Amino acid sequence: MLQAARHTAIVDAVRRERVVRVSDLAQLLGVSAMTVRRDIESLEESGLVERIHGGAKIPGDARTHEPGFELKSTQLIAEKHAIAVEAAALVHEGMAVGLSAGTTTYELAKELLKGPRITVVTNSIRIADLFHNASGSRHGFPVIVTGGERTPSDALVGPIATAALKQLHLDTLFLGVHGMDADAGFTTPNLQEAETNRAFISAARNVVILADHSKWGTVGIASIAQLEEADVLVTDSQLGEDARRILAEGVGKLRIAAR
């Protein structure tokens with residue numbers, strides 16, 4: 001495929017999907033990942049896309065764009081599963097566990113169904129339904145849903161959700177994030193979700209962040225927490241060495257999930 005045709009295809013993919021990975025583009029175009037990276041660099045110079053770790057996105061879009069659950073659930077499936085398996089090992093019988101909304105926490109919820117009986121607190125209708133539908137399994141799981149206004153990523157947020165969380169005490173919170181950055185910390189493109197997630201953090205004795213490698217360097221418009229506020233960060237093995245060093249120095253403990 002000629003360079004001009006590749007550039008057109010890459011721009012179309014970014015506009016359609018908002019965020020695309022180098023590996024997916026390489027497969028789509030039938031070229032090497034190195035060729036795609038060079039194309040992305042050229043397109044970035046023209047202002048048509050913005051380069052991110054492992055891919056490209058719409059310029060300036062990550063701070064306020066909130067991808068839907070269905071789109072995110074098709075991305076980085078193996079990485080999210082590995083993170084979920086690693087995180088599930090931190091859960092023990094009788095714990096009160098918070099699960100924020102998101103595709104990685106949803107993967108964790110599926111793993112937790114196989115484990116010990118716990119009480120679940122969530123602002124995700126999908127996660128609540130998952131545990132409710134499994135109530136006929138070997139043991140039921142008490143589930144508390146916060147209520148609130150539903151976002152495009154299927155999180156329940158706003159004053160109702162925040163007020164509910166202020167009354168609760170959690171052993172461990174598993175929190176998914178939109179982005180993580182050395183300076184901005186953990187962020188989201190939704191202002192109300194940031195407030196609700198901060199209430200989640202305040203309610204928990206231990207805070208575990210779940211974030212795959214693509215979240216590194218992405219900054220949403222609203223801050224949730226600084227790196228040092230995370231007791232544990234669980235990520236995948238594709239995270240770069242510089243990011244690992246910065247995060248290992250910032251968070252309480254960095255756990256790399258093996259695929």
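The model is predicted. The sheet is open and its strands follow the order β1-β3-β2, with antiparallel pairing. Elsewhere in the description, helices α6 and α7 pack with their axes 10 Å apart.

**The sheet**
- The edge strands are β1 (19–21) and β2 (50–52), each of which pairs on one side only.
- From one strand to the next, the twist averages 25 degrees.
- Strand β3 (residues 55–57) pairs with β2 in the antiparallel sense, over three bridges.
- Arg51 stands opposite Ala56 in β3.

**Helices on the sheet**
- Helix α2 (residues 22–29) packs on the sheet and touches β1 and β3. The direction of α2 makes about 70 degrees with that of β1.
- Helix α3 (residues 33–45) also packs on the sheet, where it touches β2 and β3. The direction of α3 makes about 140 degrees with that of β2.

**The α6 and α7 pair**
- Helix α6 (residues 103–112) packs with helix α7 (residues 125–133) at an angle of about 10 degrees. Angles under 35 degrees count as roughly parallel, and α6 and α7 are therefore roughly parallel to each other.
- The crossing of α6 and α7 is right-handed.
- On the α6 side, the contact is made by Thr105, Tyr106, Ala109, Lys110 and Leu112. On the α7 side, Arg126, Ile127, Leu130 and Phe131 take part.
- By class, the contact of α6 with α7 comprises six nonpolar residues, one polar residue and two charged residues.

Terms used: Residues numbered from 1 in each chain as written. Predicted model: local features only at pLDDT ≥ 70, side-chain atom pairs only at ≥ 80, totals over all residues. Heavy atoms only, no water. Axes fitted to C-alpha atoms, helices over the stretch in contact; angles between N-to-C directions. Helix = DSSP H or I, 4+ residues; strand = E, 2+ residues; numbered from the N terminus. Parallel < 35°, antiparallel > 145°, perpendicular 65-115°, else oblique. Left-handed = near helix turned anticlockwise from the far one by under 90°. Contact = heavy atoms within 4.5 Å. Nonpolar A, V, L, I, M, F, W, Y, C, P; charged D, E, K, R; others polar. Pairing = 2+ DSSP bridges.
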